[in-house]
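Biologist: Hi! Could you walk me through this structure in simple words?
Modeller: Happy to, let's open it up together.

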Amino acid sequence: MTTSPLLQIEGLSKSFFMHDQQKEIPSAREVSFRVHSKRLTALVGPTGAGKSSILKAIYRTYIPCKGRILYRSAAGKTVDLASADEHTILALRSREIGFVTQFLFALPRQPAIDVVASPLYRRGLSKADGRQKAGALLQRLHIPEHLWGLSPTTFSGGERQRINLARGIIGRPRLLLLDEPTASLDLRTTGDVLEMITELKNEGTGILAIFHDPDLVQRMADAVYQLDRP
Amino acid sequence: MMRKVLDVKGLSKVYGKGCPYCRDATGPRFDTNICPHCASVVAVHDISFTLYEGEILGVMGESGSGKSTVVKCLYFDETVDGGTAHFFDNHGQYNLFDLFSLNAAQRRWLRYRRFGMVYQNPHMGLNLGISAGGNIAERLLMNDMLIYADIRKRASELLQRTEVPENRMDDLPGHFSGGMQQRVQIAKALATNPPLLFLDEVTTGLDVSVQASILDLIIEIQDQLKTTMIVVTHDLGVIRLLAGRTIVMKNGCIIEAGLTDQILEDPQHAYTQRLVASAL
């Protein structure tokens, strides 16, 4: 690839210091790789190799201990996500960088359709417009319409995961971090989800993903980055 | 560009006569906020933070950590012993208020018009001797809304928004349930569309369904009105749902500050690690 990367990770290390035990627990050591727009990069490696930690460090849920995470923003600036101030990170999260984990965390009582549309409400979209967009996504992900008005806390694992994905992609992020987005889905819904991920990628999003299934990596990834235990 | 709303620097508050050693002999290092020399309580020591428009800042910590005192100082319920706080008001013309050097009339003006406060105990924020609508009217009257029909209309709008049945508007809030009192208090605080709202343990002690409805309401207010808020709570769930950034207090000091998900998932300070580990 000749174009400059969307994300360039240089010598990223993360460890946790547990004060109670006075112990340092390493999680990722000296990791370097790149993520390009319109491509899906997969992180692979054994359990405990730090795959999820790297995603969280990029999203700044974890504070990186060493290294740089250079992100090329929509405004054309290069931002080091490892050291950028909190307001910059929050602004990028609301506009440019999405993160979808295996677990849905949502406001209690909130209807599924509003959970999905919530990133749009944050941007000032009206309830009607937000719901229309969210509805279209939910339809494509085969969430039955009679569930849209209910809180996802009562949904099955697979339904919740699709709600989570829909919320993560509704804002069309430039960079999308996916942590096992199909972990509890059956074959058919996995197909739906993969199709949407591919579509988002073709529209320009750079994706960094962890898949539990090696077949999916083979099928989806344009580039693979292998991690070993630190 | 993000606009600053509040800039607090070195805020300190001591209960008691105080002595020259108070500040060096208390804090997380000594695990106390009581001065061993003069027995004064250093409730808040050297607190600094900046708030930007539309953001919700969480203030977390155990009882006695000083978190409520911070908002009480900013809302002028308490006097301060040190530090500055600047409020940037964008209403009409651009105004800058140096909060701790204002006179009583200026403080009152800010309290009635530009700030809103919701207390843990609704009895603090409501006048229980007058109706729910009357409570809201009180705040509107201070804002030069003097026509009866206008006041009634606005009060009913606010109660509707906070899901208080309209037919209870003329009842005394003393006859309401705790959750409903809390919603009336929020309606009252919102009456003047204040750009800055302080919420002090607003869901503490309410049952979970009422808690959920109040959290819903707060998120909706933030989405629609872009109100800047400080949310004081010891409930990590509330912090996680509401606040983008969080500060953690202990013995009157800030021991850690950061993005809320980072504080909860990658806490750096020993105390925060223990707090998070015992809650989740």
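Predicted model: local features only at pLDDT ≥ 70, side-chain atom pairs only at ≥ 80, totals over all residues.

Modeller: A word on domains to begin with: their bounds come from an automatic or database domain assignment. For chain B, that assignment gives domain 1 (4-114 + 196-279) and domain 2 (125-193).

Biologist: Thanks! How far apart do the C-alpha centres of domain 1 and domain 2 of chain B lie?
Modeller: The C-alpha centres of these two domains of chain B are 26 Å apart. Eleven residues from domain 1 of chain B and 14 residues from domain 2 of chain B make up the contact; two residues are in contact if their C-beta atoms, placed from the backbone, lie within 7 Å.

Biologist: Which elements give two or more residues to the domain 1 side?
Modeller: On the side of domain 1 of chain B that touches domain 2 of chain B, those are helix H2 (104-113) and helix H7 (208-225) of chain B. H7(B) gives the largest share of that side, six residues. Helices (H or I, at least four residues) and strands (E, at least two) are DSSP runs, numbered from the N terminus.

Biologist: New topic: what order do the strands of the sheet in chain B take?
Modeller: The order is S2-S1-S4-S5 (chain B), four strands in an open sheet with antiparallel pairing. Two strands pair if DSSP finds at least two bridges between them.

Biologist: And which strands are at the edges?
Modeller: Strand S2 (41-52) and strand S5 (95-98) of chain B, each pairing on one side only.

Biologist: How many bridges join S1 to S4 in chain B?
Modeller: Five bridges join strand S1 (residues 4-15) of chain B to strand S4 (residues 82-89) of chain B. As one example to look at, B:Lys9 stands opposite B:Thr84 in S4(B).

Biologist: Last one: how many residues does each chain bring to the contact between A and B?
Modeller: Chain A brings 17 residues and chain B brings 19 residues. Helix H2 (86-95) and helix H3 (112-122) of chain A each supply at least two residues of the chain A side that touches chain B. H2(A) provides the largest share of that side, four residues.

Technical notes:
Residues numbered from 1 in each chain as written. Chains lettered and ligands numbered in written order.
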